[in-house]
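Please look over the structure shown here before reading on.

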Amino acid sequence: MSTPIISIKGLRKSFANQEVLKDINLQVDRGQVVALIGPSGSGKSTLLRCINLLTIPDGGQITVGDQSLTFQGAHTRLPSERKLANFRASAGMVFQHFNLFPHMTALQNVMEGPVTVLRRPKKEAEALARDLLKKVGLLDRADYFPDKLSGGQKQRVAIARALAMQPAVMLFDEATSALDPELVGEVLNVIKGLARDGMTMILVTHEIGFAKEVADQVVFMRDGVVAESGPPEVVIGNPQNEATRAFLARFN
Ligand code: ADP
Ligand code: MG
């Protein structure tokens with residue numbers, strides 16, 4: 001039996017009086033690709049944000065690799081900034097709206113984390129950044145600023161930038177939702193390449209066909225709970241839950 005690289009137990013999060021995550025449990029094995037699907041407002045982004053602590057959970061336990069944190073509401077004793085930073089660095093995040101630094105070239109965007117956070121020598125960070133830009137097919141755009149790149153190119157730079165921190169896992173929050181349809185494929189192809197390389201990933205996506213093709217596990221969220229999860233042949237191909245069926249019917 002393989003040990004999970006991500007383990008989430010009893011995760012809870014409320015905003016004001018709204019319970020957004022209600023006892024979420026999720027295990028992801030090393031090298032697995034998980035597609036997280038579900039209606040808008042079901043808690044998908046909040047779940048991803050909790051995994052790298054952009055949002056601090058109210059309760060539950062999150063383990064990524066060999067690091068584990070337990071949350072107990074007001075009684076939570078948050079670890080040191082250094083431990084939090086280490087924990088955050090274990091998960092790379094890619095957002096819908098790229099969030100590149102606009103005043104930096106593609107190369108500088110990818111080098112920034114390794115140089116300023118990991119304190120890598122500039123030469124070494126640049127070599128790594130060029131390798132990663134090559135991996136996402138953008139070595140020839142290294143010296144372009146974001147406003148001279150297409151949406152698909154920006155998102156590929158954002159993926160390279162996240163990879164530069166050498167995270168144990170990658171989290172994608174609707175990475176293709178803001179793209180013109182003709183640019184979606186180039187980003188999905190990069191994600192497929194990462195899957196082939198064995199990267200562990202959680203993808204929030206509305207690309208149901210893509211999810212069916214690349215995911216090892218599909219998780220359907222609804223109203224802050226995991227309503228159904230399992231292999232894509234079941235959750236997408238033959239959903240057992242009425243809510244999953246109703247959700248998927250929109251994509252046919
Ligand atoms: P999804 O990504 O599935 O669309 P979200 O996780 O973004 O869902 O949101 C789930 C619910 O939590 C929504 O009702 C949303 O309005 C609410 N929510 C998310 N973030 C915040 C926040 N920072 N403050 C208050 N409410 C929030
Ligand atoms: Mg979302």
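What follows is a short report on a ligand's surroundings and on one residue elsewhere in the sequence.

## Basis of the model

This is a predicted model, in which local features need pLDDT of at least 70 and side-chain atom pairs count only at pLDDT 80 or more, whereas totals for chains, interfaces and linings use all residues. Residues are numbered from 1 along each chain as its sequence is written, chains are lettered from A and ligands numbered from 1 in the order in which they are written, and side-chain values use heavy atoms, with hydrogens and water left out.

## The shell around ligand 1

The residues around ligand 1 (those with a heavy atom within 4 Å of it) include Phe-15, Gln-18, Val-20 and Pro-39, together with Ser-40, Gly-41 and Ser-42. Three of the shell residues are nonpolar, seven are polar and one is charged, where Ala, Val, Leu, Ile, Met, Phe, Trp, Tyr, Cys and Pro count as nonpolar, Asp, Glu, Lys and Arg as charged, and the others, Gly among them, as polar.

Strand S2 (18-29) and helix H1 (44-51) each supply at least two residues of this shell, and H1 gives the most, with three residues. Helices (H or I, at least four residues) and strands (E, at least two) are DSSP runs, numbered from the N terminus.

## Atoms facing the ligand

A side-chain N or O atom of Thr-46 is 2.6 Å from an oxygen atom of ligand 1, and for the side chain of Lys-44 the corresponding distance is 2.8 Å.

Terms used:
Polar contact = N/O pair within 3.5 Å; in protein donor to acceptor, adjacent residues only side chain to side chain.
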